[in-house]
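User: I am new to this structure and would like to know what stands behind the terms used for it. Please set each value against its definition.

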Amino acid sequence: MGELKDKDGDITGGVGGTVTSSVDVSLTPKEAFDVFADEIELALADRGMQIDRTGAEKKVMQRGVEVGTVKEWKPGERISFLWRPKTWEPATSELVITFSQHEGETTVSVEQRGWGHVVGSDAKELLGWFTGEMAAPLLQASSPDRLGDWITDRIARRPTGARSKDVYRNPLYHWPNFYAILDVLALRPEDHLLEVGCGGGAFLHEALKSGCTAEAIDHSREMVRLASETNRASLAGSRLKITLGDAGSLPYEDGKFTCAVMTGVLGFIPDPLQSFKEITRVLKSGGRFVAFTGSKEMKGTPAAPEPAASRLHFYENGELEDMARRAGFVYAKVEHPMLLEEARKAGVPESDLVMFKGAAFSQLLVARKA
Ligand SMILES: C[S@@+](CC[C@H](N)C(=O)[O-])C[C@H]1O[C@@H](n2cnc3c(N)ncnc32)[C@H](O)[C@@H]1O
């Protein structure tokens, strides 16, 4: 909900307007506070704003400029900031986030107080700001396009939130794929492995048991954090490095890795040829590459439901092989491994084994650099 009111509840003339946005959730105020505090930090970071805790006061920074100073941080109750929305002239507002309980629910409310002073004394300009910057984004956020994107990002394309953390800490239904990849890769202690789109780091954890060293990249802050927790010992022992970044622009020097892997990622990448080129570039001569992805037959099944299904790219075998060759691999072949035994080994419940009975759902691209 978004509102713009003066203290009598009317849409204001420019001065003193309070902008409010709120939601009711069936959580206790303490639970709501904890979720909000966790998620706002990542969401702000994705928008180029950081919460700086280094000094005596918590601050919100944007490109090195202090935008907000935390005045109150009361778990389960409220957070308030002195907010500085302008660098070009002195102007402040009070940003207050409250967590208030009523009838078993908690109302989480974000209020910009004194916003009319910031935008100016012209009521139409203030309403214009509210319409363009608050109301239109809310309408867009609740449209099928944007909501479908949000759900897809949230669960798979850029996983975020407590539920995704639970899933990717140990993604049961991905273990059959992990076993098939490890079988083909046959890792040795002298290998230096790259994983692109490492999610919560479960594959890395298993791969590192071979004695190899590894690096990984993912564009989800939440997943980089989780993969780091999952592999704390390997990170501490300098056997692993995990970086926040994009598959289309790998931050590694040429010829750094002996092998590379990508699983459950390819379908989400907007320019896979560019990613394949990047992977070829960072592989040593003779380097191996294995990519696991779902085939067209998977679209719309419980393994690839809507709204993610129509946002995923599915490829024919020939397309994948051709793309790999165009990216510079000399050998490229798609296999369709049978994963039923791997699914049993992973502990997939009997009732779901049907998802692994045929080979048609899985495509395993195996490629090699000259
Ligand atoms: C479906 S999850 C799979 C995670 C893990 N590989 C697994 O199988 O459990 C897809 C992962 O790829 C990451 N990803 C998607 N597109 C990416 C991109 N362009 N660059 C880096 N990571 C990406 C997501 O953030 C997410 O962690």
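User: At what angle do helix H10 and helix H11 pack, and how far apart are their axes?

Analyst: This is a predicted model, in which local features need pLDDT of at least 70, side-chain atom pairs count only at pLDDT 80 or more, and totals for chains, interfaces and linings use all residues. Residues are numbered from 1 along each chain as its sequence is written. H10 (residues 272-282) and H11 (residues 317-326) pack at about 50 degrees, and their axes are 8 Å apart. Axes are lines fitted to C-alpha atoms, for helices over the stretch in contact, and angles run from 0 to 180 degrees between N-to-C directions. Helices (H or I, at least four residues) and strands (E, at least two) are DSSP runs, numbered from the N terminus.

User: Why is H10 called oblique to H11?

Analyst: Angles under 35 degrees count as roughly parallel, over 145 as roughly antiparallel, 65 to 115 as roughly perpendicular and the rest as oblique. The angle here is about 50 degrees, and that makes H10 oblique to H11.

User: Which residues of H10 and H11 meet, and how are they classed?

Analyst: Pro 272, Leu 273 and Phe 276 of H10 meet Met 323, Ala 324 and Arg 326 of H11. Two residues are in contact if their C-beta atoms, placed from the backbone, lie within 7 Å. By class, five residues in the contact of H10 with H11 are nonpolar, none polar and one charged. Ala, Val, Leu, Ile, Met, Phe, Trp, Tyr, Cys and Pro count as nonpolar, Asp, Glu, Lys and Arg as charged, and the others, Gly among them, as polar.

User: What makes Lys 256 partly exposed?

Analyst: A residue is buried if 20 or more other C-beta atoms lie within 10 Å of its own, exposed if 12 or fewer, and partly exposed in between; the C-beta atoms are placed from the backbone. Lys 256 has 16 such neighbours inside 10 Å, so it counts as partly exposed. Lys 256 is in the loop between strand S11 (240-244) and strand S12 (257-263). Leaving out residues up to four places away in sequence, Lys 256 touches His 192 and Val 282.

User: How do you know whether Ala 186 and Ser 238 are buried or exposed?

Analyst: Ala 186 has 10 other C-beta atoms within 10 Å, so Ala 186 is exposed. Ser 238 has 8, so Ser 238 is exposed. Ala 186 lies in the loop between helix H6 (175-185) and strand S9 (192-196), and Ser 238 in the loop between helix H9 (232-236) and S11. Neither is a glycine, yet phi is positive: about 45 degrees for Ala 186 and near 60 degrees for Ser 238.

User: Which residues of H6 are buried, and what covers them?

Analyst: The buried residues of H6 are Trp 175, Pro 176, Asn 177, Phe 178, Ala 180, Ile 181 and Leu 185. Their cover includes helix H7 (202-207), S12 and strand S15 (362-369). In the whole protein chain, 34% of the 370 residues count as buried.

User: Which members of the largest nonpolar core touch the most other members?

Analyst: They are Leu 204, Ala 260, Phe 289, Val 290, Ala 324 and Leu 365, out of 59 residues. Such a core is a set of buried Ala, Val, Leu, Ile, Met, Phe, Trp, Tyr and Cys residues joined through C-beta atoms within 7 Å.

User: What is the peptide bond from Glu 306 to Pro 307?

Analyst: That bond is cis, with omega near 5 degrees. Pro 307 lies in the loop between strand S13 (283-294) and H11.
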